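This report describes a protein model through its salt bridges, strand pairing, nonpolar cores and surface. The sequence and structure are shown first.

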Amino acid sequence: MIEVKAVEKPDERRDFPRGHLEAVHLTGLDFAVATFEPGWRWSESVAPIAGTESCQVHHNGYVVEGRMRIRMDDGAESEVGPGDVFVCPPGHDAWVVGDEAAVVYDFAGGMATEYAKAKEG
């Protein structure tokens, strides 16, 4: 069976300060499109929602537009921009670089299912 969904008609949308995420859920793939506005930083915009000191979601990403800086909990840093494909394990902070929104496609699944959702319990 072939499944096709359009990102323009997401199954869900999650808003958070200075950004939002749109997710489509298919059998075997949870896909997210995240938009981060200038001034967005995970530790300020999403940490209060997630309830963790750093992002604990694994990302397999593709940057469509804009730039982001990622700092791992161990201090390692990298910057990603348009056309970059990246893998980022749990345990990081990230922020938008410059005055352009960053748009990231995430294929790892965790972003579409868990990101920016309040922890229960």
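Arg67, Arg69, Arg71, Glu77 and Glu79 are linked in a network of salt bridges, a salt bridge being a side-chain nitrogen of Lys or Arg within 4 Å of a carboxyl oxygen of Asp or Glu. The model is a predicted one, in which local features need pLDDT of at least 70 and side-chain atom pairs count only at pLDDT 80 or more, whereas totals for chains, interfaces and linings use all residues. Residues are numbered from 1 along each chain as its sequence is written, and side-chain values use heavy atoms, with hydrogens and water left out.

One of the pairs joins arginine 69 to glutamate 79, with 3.6 Å between the closest N and O atoms. This pair links distant parts of the chain, arginine 69 being in strand β5 and glutamate 79 in strand β6, 10 residues apart; strands (E, at least two residues) and helices (H or I, at least four) are DSSP runs numbered from the N terminus. Arginine 69 is partly exposed because its relative accessibility is 24%, and glutamate 79 is likewise partly exposed, at 29%. In these terms, buried means under 20% relative accessible area, exposed means over 50%, and partly exposed lies in between (1.4 Å probe, protein chains only).

## Strand pairing around β5

## Other salt bridges

How many salt bridges does the structure hold? There are 9. One of them is formed by the side chains of aspartate 93 and arginine 41 (3.0 Å, N to O). It links distant parts of the chain, with aspartate 93 in strand β8 and arginine 41 in the loop between β3 and α1 (42–45), 52 residues apart. Aspartate 93 counts as buried because its relative accessible area is 13%, whereas arginine 41 is partly exposed, at 21%.

Glutamate 22 forms a salt bridge with arginine 13, the closest N and O atoms lying 3.6 Å apart. Glutamate 22 is partly exposed, with a relative accessible area of 22%, and arginine 13 is partly exposed at 44%.

## Nonpolar cores

The largest nonpolar core has 25 residues, and Phe36, Trp40, Trp42, Met68 and Tyr115 have the most contacts inside it. Such a core is a set of buried Ala, Val, Leu, Ile, Met, Phe, Trp, Tyr and Cys residues joined through side-chain atoms within 4.5 Å. At least two residues of this core come from each of β2 (19–26), β3 (29–36), α2 (47–50), β5 (67–72), β7 (85–88), β8 (92–97) and β9. Apart from it lies another core of 5 residues, among them Leu26, Phe31, Val33 and Val103.

## Surface patch and local backbone

Leu29, Tyr62, Val64, Val85 and Phe107 make a nonpolar surface patch of about 420 Å². Patch residues have over 30% relative accessible area and no salt bridge; nonpolar side chains (Val, Leu, Ile, Met, Phe, Trp, Tyr) are joined within 5 Å, and like charges within 9 Å. Accessible areas come from the Shrake-Rupley method with a 1.4 Å probe, and for residues only the protein chains shown count as cover. Phenylalanine 107 is in the loop between β9 (102–106) and α3 (110–114) and is partly exposed at 43%.

Most residues other than glycine have a negative phi. Arginine 18 has a positive phi, near 65 degrees; this residue lies in the loop between β1 (12–16) and β2 and is partly exposed, with a relative accessible area of 48%.
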